[in-house]
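Me: I would like to go through this structure with you, one topic at a time. Could we settle the terms as they come up?

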Amino acid sequence: MTHRKITKIAREVGKFTARTIKAGGVGTAEFDLIHVIRKNPGITQAEICRILGADKGAVAKQTANLEAKGYLCRKENPADGRSQLIFPTEQAQNLKDSKAHIETEFYDWLLAPLNEVEKAEFARLLDVLYQRCKVESKEGFPNMTKRIEACDGHEIR
């Protein structure tokens with residue numbers, strides 16, 4: 001089925017990207033933590049735990065490791081002298097660019113066997129699907145919720 005192939009392709013790209021980033025010294029969980037901090041600069045460890053649903057000790061260890069590697073920096077929290085605010089460094093921002101670059105290279109390689117007409121049609125079809133997905137997301141996924149409820153015979157909360 002087509003949807004399974006799309007999922008499998010995305011999974012393989014994700015595996016390659018994670019492996020490549022890990023070779024650079026950052027694991028998947030650490031990358032997720034960096035992503036949260038990039039999206040929420042000046043966040044506390046407690047807030048990171050809440051967002052990631054992670055253990056306080058694990059987040060403290062990952063934060064310390066990433067700080068030692070130069071991806072994060074801490075500053076005193078002016079609102080609470082007991083806690084520190086965590087910020088991404090330029091190195092963390094570059095990691096985001098690196099991930100995007102790796103994914104772009106993979107997708108460019110993947111599309112190489114297609115001719116220009118096929119690439120244009122593929123891009124057009126992907127855009128149709130993306131726009132449909134974007135509208136559904138903005139509306140809170142009403143159609144997908146109904147479909148899942150109808151299939152499973154129970155409500156999703």
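Reply: Contact here means heavy atoms within 4.5 Å. This is a predicted model, in which local features need pLDDT of at least 70 and side-chain atom pairs count only at pLDDT 80 or more, while totals for chains, interfaces and linings use all residues. Residues are numbered from 1 along each chain as its sequence is written, and side-chain values use heavy atoms, with hydrogens and water left out.

Me: Which residues does T44 touch, not counting those up to four places away in sequence?
Reply: T44 touches N77, S83, Q84, L85 and I86.

Me: And where is T44 found?
Reply: T44 is in the loop between α2 (28-39) and α3 (45-52). Helices (H or I, at least four residues) and strands (E, at least two) are DSSP runs, numbered from the N terminus.

Me: Is T44 buried or exposed?
Reply: T44 counts as buried because its relative accessibility is 14%. Buried means under 20% relative accessible area, exposed over 50%, and partly exposed in between (1.4 Å probe, protein chains only).

Me: Turning to α2, how many residues has it, and what does it reach from its first C-alpha to its last?
Reply: Helix α2 has twelve residues and reaches 17 Å, close to the expected 16 Å. The expected span is 1.5 Å times one less than the number of residues.

Me: Which residues of α2 are buried, and what do they pack against?
Reply: The buried residues are E30, F31, L33, I34, V36, I37 and R38. They pack against α1, α3, α4, β1 (72-76), β2 (84-88) and α5.

Me: What about the largest nonpolar core?
Reply: That core has 18 residues, and I48 and Y71 have the most contacts inside it. A nonpolar core is a set of buried Ala, Val, Leu, Ile, Met, Phe, Trp, Tyr and Cys residues joined through side-chain atoms within 4.5 Å. Two or more residues come from each of α2, α3, α4 (56-68) and α5, and α2 gives the largest share, five residues.

Me: What is Y71 in contact with, leaving aside its neighbours within four places in sequence?
Reply: Its contacts are G24, V26, I34, L66, F87, P88, T89, Q91, A92 and L95. As for F87, the charged end of K75 sits over its ring, 4.8 Å from the centre. That requires NZ of Lys or CZ of Arg within 6 Å of the ring centre and within 35 degrees of the ring normal.

Me: Now the aromatics: how many pairs are there?
Reply: Three aromatic pairs are counted. Rings of Phe, Tyr and Trp (its six-membered ring) pair if their centres lie within 6.5 Å; planes under 30 degrees apart are stacked, over 60 edge-to-face, and the rest tilted. The centres of F16 and F106 are 5.6 Å apart with planes at 45°, so this pair is tilted. F16 lies in helix α1 (residues 2-23) and F106 in helix α5 (residues 90-111), so the pair ties together parts 90 residues apart in sequence. F106 and Y107 form an edge-to-face pair, with 6.4 Å between centres and 80° between planes. F16, F106, Y107 and W109 make up one aromatic cluster.

Me: Finally, how many disulfides does the structure hold?
Reply: It holds zero disulfides, a disulfide being a pair of cysteine sulfur atoms within 2.5 Å.
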